[in-house]
Amino acid sequence: MSGHGALPSRAAIVATAHESIAGGSLSFAAASRLFAPQMRERAWLLYAWCRRCDDLADAQYLGHAATSETDAAERLALIREGTQAVLSGKRIGDPGFDALGVLNTELPLPRHLIDDVIAGFALDAEDWRPRSEADLLRYCYHVAGAVGCLMAVIMGVDAQDESTLDRACDLGIGFQLSNIARDVEADDRVGRCYLPLEWLCEMDIPPGQHMKPPFRSRLTVLVRRLAERAQAYEASGRAGTPKLPFRAAWAVLAAAGIYGAIGRKVAAAGDHAWDHRVRTGMIEKIGWILRAGGEAGVRQRLYGQQLRDADLWTRPRQPEGTGAVAR
């Protein structure tokens, strides 16, 4: 994974990170434009590392063309080795990993959150499947909720502010649940299913058969359940925005609207949700951005007094004495 010759500058790494988010997620790329310049670049750097690791875990590129290759252990080792190297202060010539190194030099990140994200890549690399709803939510924490916590730190939230990090985690979980709802068919094509086994049994759907036509109406029930859960976590995540600077809150609320619309569209499409990949168009994105700007201006009145729903799944707390920054 090491490079040769002169290593790229910070500006080059940031430029590559921007290309990564532009190619990997139009929704997050649009929302990230609302950040102040330094925060925007740092968000891109974090995304670039997540995208690089995710692509390694899934043997894909920019989230596309996932395959079911068998060298999962080797790919996971590359993730761990590359991450550890850049957190130790090295540049390895891989822009996705070097992005994390640059970010951690400028804004030291809680190591336990980085490790939690890597644990999510390990689940994907190991072809893990959830048995229960709690398993599903734990997975969503590792692959998205912990990323939300890291994003909150980038936005200026104190790493010890557990209640605000819980809100950031909730938003990440909401995004991931919407993502799973949208991608049920695409995941099935590569032999994956993130619907809990207990849910499938409840609807009398044999494992591995959920995309078959006879089970479509039952699958729709489960996917609507996913979308409902996504909306609950999205709503909780919005309530963390009073702790953020205006532009950061604007970006977060825009992302919540843009990405949350995906889950709502999947639910509304019913049995036809997978006839084509659900997206939010550019006009819709602009609409959510404008709406989010208004919400950000009154976020304290809208969300400032909301208590977190006790029924929501809560992320694991860091063990005592592990508040160290990444290195």
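Begin by selecting aspartate 166, which is buried at a relative accessible area of 8%; buried means under 20% relative accessible area, exposed over 50% and partly exposed in between, with a 1.4 Å probe and protein chains only. The model on display is predicted, so local features need pLDDT of at least 70 and side-chain atom pairs count only at pLDDT 80 or more, while totals for chains, interfaces and linings use all residues. Residues are numbered from 1 along each chain as its sequence is written, and side-chain values use heavy atoms, with hydrogens and water left out.

**Helix α8**

Aspartate 166 belongs to helix α8; helices are DSSP runs of H or I with at least four residues, strands are runs of E with at least two, and both are numbered from the N terminus. Display its contacts next, a contact being heavy atoms within 4.5 Å. With neighbours within four places in sequence set aside, aspartate 166 meets Arg308, Thr314, Arg315 and Arg317. Arginine 317 is 151 residues away along the chain, yet its C-alpha atom is 9.8 Å from that of aspartate 166.

Move along to aspartate 170, also placed in helix α8 (residues 162-182). This residue counts as buried because its relative accessibility is 0%. Beyond residues up to four places away in sequence, aspartate 170 touches Tyr233, Glu234, Ser236, Gly237, Arg308, Leu312 and Trp313.

Select arginine 42 in helix α3 (residues 37-58). Its relative accessible area is 12%, so arginine 42 is buried. Apart from residues up to four places away in sequence, arginine 42 touches Leu103, Glu106, Leu107 and Ile154.

Leucine 46 is the next stop. Leaving out residues up to four places away in sequence, leucine 46 touches Leu103, Val147, Leu150, Met151 and Ile154. Together with Trp49 and Leu177, Leu46 has the most contacts inside the largest nonpolar core, a set of 107 residues. Such a core consists of buried Ala, Val, Leu, Ile, Met, Phe, Trp, Tyr and Cys residues joined through side-chain atoms within 4.5 Å. Helix α7 (residues 133-154) supplies the largest share of this core, 15 residues. In soluble globular proteins, nonpolar side chains tend to be buried together.

Leucine 100 sits in helix α5 (residues 95-106) and, at 0% relative accessibility, counts as buried. Its contacts, not counting residues up to four places away in sequence, are Leu45, Trp49, Thr83, Val86, Leu87, Leu109 and Ile114. Leucine 45 is 55 residues from leucine 100 in sequence, with 6.1 Å between their C-alpha atoms.

Of the 15 residues in α6, 13 are buried. Just after α6, inspect the backbone of aspartate 127, which takes a positive phi of about 55°.

**The cavity**

Finish with Ile180, Val184, Asp187, Cys193, Tyr194, Leu195 and His210, the residues lining the largest cavity. A cavity is a set of points, on a 1 Å grid over the protein atoms alone, where a 1.4 Å probe fits but cannot get out; lining residues have an atom within 4 Å of a point. The structure holds 1 cavity of 30 Å³ or more, and the volume of the largest is about 30 Å³, taken as the space filled by probe spheres set on grid points joined across faces, edges and corners.

Technical notes. 1 Å grid on protein atoms, 1.4 Å probe; cavity = no way out; pocket = protein on both sides within 12 Å on 5 of 7 lines; lining within 4 Å.
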